[in-house]
Amino acid sequence: MKLNRLMLAQMRSATRTLWRSGPVTPGAAVRQAMSNVNALHRVARQQMRDFTMTVTPSESASASAPEAASTSAPAAAPAATASALTGTFIAGSHTNDAGTRDYKLYVPASYTGGPAPLVVMLHGCTQDPDDFAAGTGMNVLAEEVGCLVLYPAQSKSANPSRCWNWFNAVDQRRDEGEPSLIAGMTQAIMATYSVDASQVYVAGLSAGGAMATIMGTLYPDLYAAVGVHSGLPFASANDLSSALAAMKGDFRRSQLENQSLPVIVFHGDRDTTVHPANGEEVVAQGARHLPQPGTTEPGNVPDGHAYTRTLYPATDGTVQAEHWLVHGAGHAWSGGQAQGSYTDGKGPNASREMMRFFRTQR
């Protein structure tokens with residue numbers, strides 16, 4: 001039977017342990033490796049389940065209402081609904097030396113064939129492109145903006161829970177592993193459709209948010225900005241054990257120098273699956289070289305969540321990084337739609353705010 005990548009990585013780790021410790025502890029090393037595999041699989045299944053929000057009709061209505069004003073007032077939620085979409089949702093796949101991944105591409109009816117923005121959306125564990133598109137409502141926004149939306153799909157053969165493997169060393173290197181597949185897929189869409197190369201963005205949820213950070217860090221020449229929802233910082237783990245620790249807030253800190261990352265981060269302060277400290281570190285990585293500290297402003301969604309928004313300006317006054325800490329929210333897409341899984345309809349609307357932020361970064 002062919003071992004999946006997660007088990008293989010842990011068996012390699014067990015082998016290294018045996019080399020260091022000798023023949024006295026082989027059973028313990030193998031048991032630990034299998035325990036790590038089973039632990040992450042349990043967490044992956046729980047990761048998108050822990051803070052599932054049951055959205056009532058009244059909550060769904062409030063999520064579609066204009067959000068509360070702040071120093072820079074968040075825009076209103078999409079007026080259209082997924083059922084009213086008139087664009088096309090195309091299935092495809094991309095293959096390179098690292099393997100094959102399927103994808104879905106939304107081409108809005110408003111797409112005229114001229115150079116358009118492209119947003120790459122990376123789903124969370126247990127999700128797929130259709131579910132993620134329905135929950136985030138990003139296709140609705142695509143009709144308004146006239147942008148293409150690409151949804152890469154993780155395969156069960158690469159990860160049984162369909163998590164992106166953000167914690168594997170090979171998947172944290174440019175032109176290797178899953179980053180090469182996602183970047184290659186992005187470039188293939190750019191070669192097929194008329195895409196404005198200065199307006200290509202990547203965003204994701206949870207494991208997809210961690211992978212979005214990796215993509216923005218490794219490919220700053222390809223992606224102009226990154227959106228991270230309930231995700232983790234770049235290179236915060238290098239195996240299953242450190243991945244579990246990172247999700248609890250005990251993460252490794254990247255030693256990358258001289259690189260800034262235009263990023264917008266959403267994280268619930270009651271997220272018990274990925275500790276909110278991870279969101280703070282993602283922003284810290286993106287704002288590391290900025291000369292000015294962040295400015296904080298409170299806000300509130302009517303009949304929804306309060307939030308704290310922190311803006312980090314660059315030297316020219318444009319916002320380089322944004323951090324939205326959503327009070328009372330857990331591990332779910334803020335302002336999402338009940339048609340998809342793992343969403344919190346009480347807002348603020350992460351999809352709309354990410355799209356707004358993206359449009360300022362070219």
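## Overview

Residues 24 or more positions apart account for 70% of the chain's contacts with a separation of 6 or more. Contact here means heavy atoms within 4.5 Å. This is a predicted model, in which local features need pLDDT of at least 70 and side-chain atom pairs count only at pLDDT 80 or more, while totals for chains, interfaces and linings use all residues. Residues are numbered from 1 along each chain as its sequence is written, and side-chain values use heavy atoms, with hydrogens and water left out.

The chain has 362 residues, and 56% of them count as buried. Buried means under 20% relative accessible area, with a 1.4 Å probe and protein chains only. Ten helices and twelve strands are present. Both are DSSP runs, numbered from the N terminus: helices are H or I with at least four residues, strands are E with at least two.

## The sheet

Ten strands form an open sheet with mixed pairing. Their order is β1-β2-β4-β3-β5-β6-β7-β10-β9-β8. Strands pair if DSSP finds at least two bridges between them. β1 (88–96) and β8 (295–300) stand at the edges with a single partner strand each, so one side of each has no neighbour in the sheet. From one strand to the next, the twist averages 20 degrees.

β6 (residues 225–229) and β7 (residues 263–268) pair in the parallel sense over four bridges. Gly 227 stands opposite Ile 264 in β7.

## Helices on the sheet

Helix α6 packs on the sheet and touches β1, β2, β3, β4 and β5. The direction of α6 makes about 40 degrees with that of β2 (99–107). Angles run from 0 to 180 degrees between N-to-C directions, and axes are lines fitted to C-alpha atoms, for helices over the stretch in contact.

Helix α9 (residues 277–286) lies across β6, β7, β9 and β10. Helix α9 runs at about 170 degrees to β7.

## Two crossing helices

The axes of α6 (residues 177–192) and α7 come within 10 Å and cross at roughly 75 degrees. That makes the two helices roughly perpendicular, a label for angles of 65 to 115 degrees. Glu 178, Pro 179, Ile 182 and Ala 183 of α6 meet Met 211, Ile 214, Met 215 and Leu 218 of α7.

## The cores

A nonpolar core is a set of buried Ala, Val, Leu, Ile, Met, Phe, Trp, Tyr and Cys residues joined through side-chain atoms within 4.5 Å. The largest one has 55 residues, of which Leu 122, Trp 166, Met 215 and Tyr 223 touch the most other members. Helix α7 (residues 207–218) gives the largest share, seven residues. A second, separate core of 29 residues includes Tyr 106 and Ile 264.

How values were computed:
Buried means under 20% relative accessible area, exposed over 50%, partly exposed in between (1.4 Å probe, protein chains only). Angles under 35 degrees count as roughly parallel, over 145 as roughly antiparallel, 65 to 115 as roughly perpendicular and the rest as oblique.
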